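Student: Hi! Could you walk me through the charged side chains in this one?
Tutor: Happy to, let's have a look.

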Amino acid sequence: MTGSEEVEALIDELEAQAEQERDPETTPDVGIIMGSDSDLDVMAGSEEGRPGAYDAFVDELGFEEQTDYDDPPESRFTFETFVVSAHRTPELMYAYGETAADRGIDVIIAGAGGKSADLPNMTASIAYPLPVIGVPVQEKSVDSVIGMPQGAPLTAVDAGKSFNAALSAAQILAREHEEVRERLVEYHEGLQDDVGVVSRELHELGTPAFRERRE
């Protein structure tokens, strides 16, 4: 199967899934899309860099990645991941945005790099009123991602911070799902605990000893 045939097959699958009447508990809650697989380390997270959306969902919030629409994982809350290029596969971008709500997606996280990072804002226009959170993969992508006109909303995070995009997506879901809200609160309390421990150690050890211990 050629690349174009693969794209057509993906579009057909998305459209067929949108026509099904599936229990929302079995469909992905969040869609993560990126313009290229080269964006994966930013969008998912990597061992060498900062954590990403995958790390936030799986490690911190207890979500699972759904890789088969017809065979959902055991977790109640899930996300899916696709590569969707606004410039190379515009038909796939349109199909994803147009079918997202009918496929059970509640919020989309869209990341793109380069100076023409159009995937987040184009997806926001297509999927409206479904909320879309844009992730500029690079600093030079920020202006392109956030440059939406009045009346065409897009929420965006700082360059490279897909981890925060995942937290924002979970905040949206938490308005309907108390379990997600509880997981977010637990995560935030963990951050507070970390600060408290560090603050006490710095105070009690003193600056020179604390620095030496960190090194």
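Tutor: Let's start with D12, which sits in helix α1. Keep in mind that this is a predicted model.

Student: Is D12 buried, partly exposed or exposed?
Tutor: D12 is partly exposed, because its relative accessibility is 46%, between the 20% and 50% cut-offs.

Student: Which residues form the negative surface patch?
Tutor: The patch is made of E5, E6, E8, D12, E13, E15, E19, E91 and E98. Two elements, α1 (3-19) and α4 (90-99), each give two or more residues to the negative patch.

Student: And which element has the largest share of the negative patch?
Tutor: That is α1, with seven residues.

Student: Switching topic: how many salt bridges are there?
Tutor: The structure has eight salt bridges. One of them joins R183 and E179, at 2.4 Å from N to O.

Student: Where do R183 and E179 sit relative to each other in the helix?
Tutor: They are four residues apart in helix α8, so about one helical turn separates them.

Student: Is R183 buried or exposed?
Tutor: R183 is buried, because its relative accessibility is 17%, under the 20% cut-off. E179 is partly exposed at 37%.

Student: What about R200, which residue does it form a salt bridge with?
Tutor: R200 pairs with E204, and their closest N and O atoms are 2.7 Å apart. Both residues are exposed.

Student: And what is the N to O distance for E178 and R181?
Tutor: The closest N and O atoms of that salt bridge are 3.8 Å apart. E178 and R181 are three residues apart in helix α8 (residues 178-205), about one turn.

Notes. Residues numbered from 1 in each chain as written. Predicted model: local features only at pLDDT ≥ 70, side-chain atom pairs only at ≥ 80, totals over all residues. Heavy atoms only, no water. Patch = residues over 30% accessible without salt bridge, like charges linked within 9 Å, V, L, I, M, F, W, Y side chains within 5 Å. Areas by Shrake-Rupley, 256 points an atom, 1.4 Å probe, with all protein chains shown as cover. Salt bridge = Lys/Arg side-chain N within 4 Å of Asp/Glu carboxyl O. Lys, Arg positive; Asp, Glu negative; His and termini not counted. Charge placed at Lys NZ, Arg CZ, Asp CG, Glu CD. Buried < 20%, exposed > 50% of the residue type's maximum accessible area, 1.4 Å probe, protein only.
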